[in-house]
Amino acid sequence: MTAPNSPVLTPSEPIEASSSQAVKAQLRLREMVLAGELAGGARIAEVAVSELLGVSRTPVRSALMRLEQEGLLEALPNGGYAVRTFSERDVSDAIELRGTLEGLSARLAAERGAPPVVIREARACLRRIDELLRQPALDDAAFSQYVAFNAQFHRLLSELSGSPLITQQLERVVNLPFASPSGFVVMQANSAAARDMLLIAQDQHGQVLEAIENREGSRAEALMREHSRIAQRNLREALHGAQSHPLPGVQLIRRRH
């Protein structure tokens, strides 16, 4: 019998607690991988991670599975996981695929006619980015806001096509390591010259939205394909340029020789 005034644990509470621990474990493991604390190719032992993070093996197992789905880990034939590495071509192809899908999405939005309400949301998002870029330099808080608004704008662009299928495929692509619209944005905040690329990218944002509104499908598609070239350039600079602030996770990318 339950003692008076004693707390009663509902069936959902242990599930929610386990889920919360899994999310925390996932975030911490991702941080360790991208920071290089877990080297590329390193085998991850479930028991060791459980002890390191101070959580049970169940949330750790869930976290490992989610990081495999994100593409940061790979399942080993005999069980367990290892930290994935990526060739420079892998990352370049993922960026190219994103540009192709975003170009298709923009063209369909122009040809089919985009929902006015989404156009207004996209315009509002661009205004917020414009406000941030008026600053002579972006501090950490402003930069975080830029990344969030940039990601939001790209999500709205995928909505404009009115194609749940393309939106679904884009969501899968942008979850690939380094393939998101903001995957290499940090490269554009470390020098005045590099930051100019943010202004070019923002101009392309405005142009593609204008092309969609004017029903210029081919132009909208070409602009988005060109837009992805900025990420390709940042990839090359991240791997081959001298950077004072290395991109998190760049050590997982194998360079071409």
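**Walking through the fold**

Modeller: Starting at the N terminus, the elements of the chain go α-β-α-α-β-β-β-α-α-α-α-α-α-β. Helices (H or I, at least four residues) and strands (E, at least two) are DSSP runs, numbered from the N terminus. This is a predicted model, so local features need pLDDT of at least 70 and side-chain atom pairs count only at pLDDT 80 or more, while totals for chains, interfaces and linings use all residues. Residues are numbered from 1 along each chain as its sequence is written, and side-chain values use heavy atoms, with hydrogens and water left out.

Biologist: Okay, how many helices and strands is that?

Modeller: Nine helices and five strands.

Biologist: And what percentage of the chain is buried?

Modeller: Buried residues are 42% of the 257 in the chain. Buried means under 20% relative accessible area, exposed is over 50%, and partly exposed is in between (1.4 Å probe, protein chains only).

Biologist: What share of the contacts is between residues 24 or more positions apart?

Modeller: They account for 75% of the contacts with a separation of 6 or more. A contact here means heavy atoms within 4.5 Å.

Biologist: Which residues touch the most other members in the largest nonpolar core?

Modeller: L29, L73, V91, F184 and I253, out of 28 residues in that core. The elements giving two or more residues to this core are α1 (12-34), α3, β3 (81-83), α4 and α9 (217-240). A nonpolar core is a set of buried Ala, Val, Leu, Ile, Met, Phe, Trp, Tyr and Cys residues joined through side-chain atoms within 4.5 Å.

Biologist: What else is there, apart from that core?

Modeller: Another core of 27 residues lies apart from it, with A122, L132, F143 and A211 among its members.

Biologist: Switching to charges. How many salt bridges?

Modeller: The count is 12, taking a salt bridge as a side-chain nitrogen of Lys or Arg within 4 Å of a carboxyl oxygen of Asp or Glu.

Biologist: What does R57 pair with?

Modeller: R57 forms a salt bridge with E46, and their closest N and O atoms are 3.1 Å apart. R57 is in helix α3 (residues 57-70) and E46 in helix α2 (residues 46-53), so the pair ties together parts that are 11 residues apart in sequence.

Biologist: Are those two buried or exposed?

Modeller: R57 is partly exposed, at 42% relative accessible area, whereas E46 is buried at 18%.

Biologist: And what about R98, which residue does R98 bridge to?

Modeller: To E102, with 3.2 Å between the closest N and O atoms. R98 and E102 sit four residues apart in helix α4 (residues 88-112), so about one helical turn separates them. R98 and E102 are both buried.

Biologist: Which residue does E216 meet?

Modeller: R219, in a salt bridge of 3.0 Å, N to O. E216 counts as partly exposed at 31% relative accessibility, and R219 counts as partly exposed at 30%.

Biologist: Which residues are linked in a network?

Modeller: R28, E31 and E37 are linked by salt bridges in a network.

Biologist: New topic. Where does S161 lie?

Modeller: S161 is in the loop between α6 (140-160) and α7 (164-174). S161 counts as buried, at 2% relative accessibility. Leaving aside residues up to four places away in sequence, S161 touches S105, L108, A109 and R112.

Biologist: What lines the second largest cavity?

Modeller: E102, S105, A106, H154, L157, S158, L170 and M224. That cavity holds about 50 Å³ of space, and α4 and α6 each supply at least two residues of its lining.

Biologist: And the second largest pocket, what is its volume?

Modeller: About 350 Å³. It has 14 lining residues, of which A151, H154, R155, V174 and P181 lie nearest its centre. The largest share of that lining, six residues, comes from α6.

Terms used. On a 1 Å grid over the protein atoms alone, a cavity is a set of points where a 1.4 Å probe fits but cannot get out, and a pocket is an open set with protein on both sides within 12 Å along at least five of seven lines; lining residues have an atom within 4 Å of a point. Grid points are joined across faces, edges and corners, and a volume is the space filled by probe spheres set on the points.
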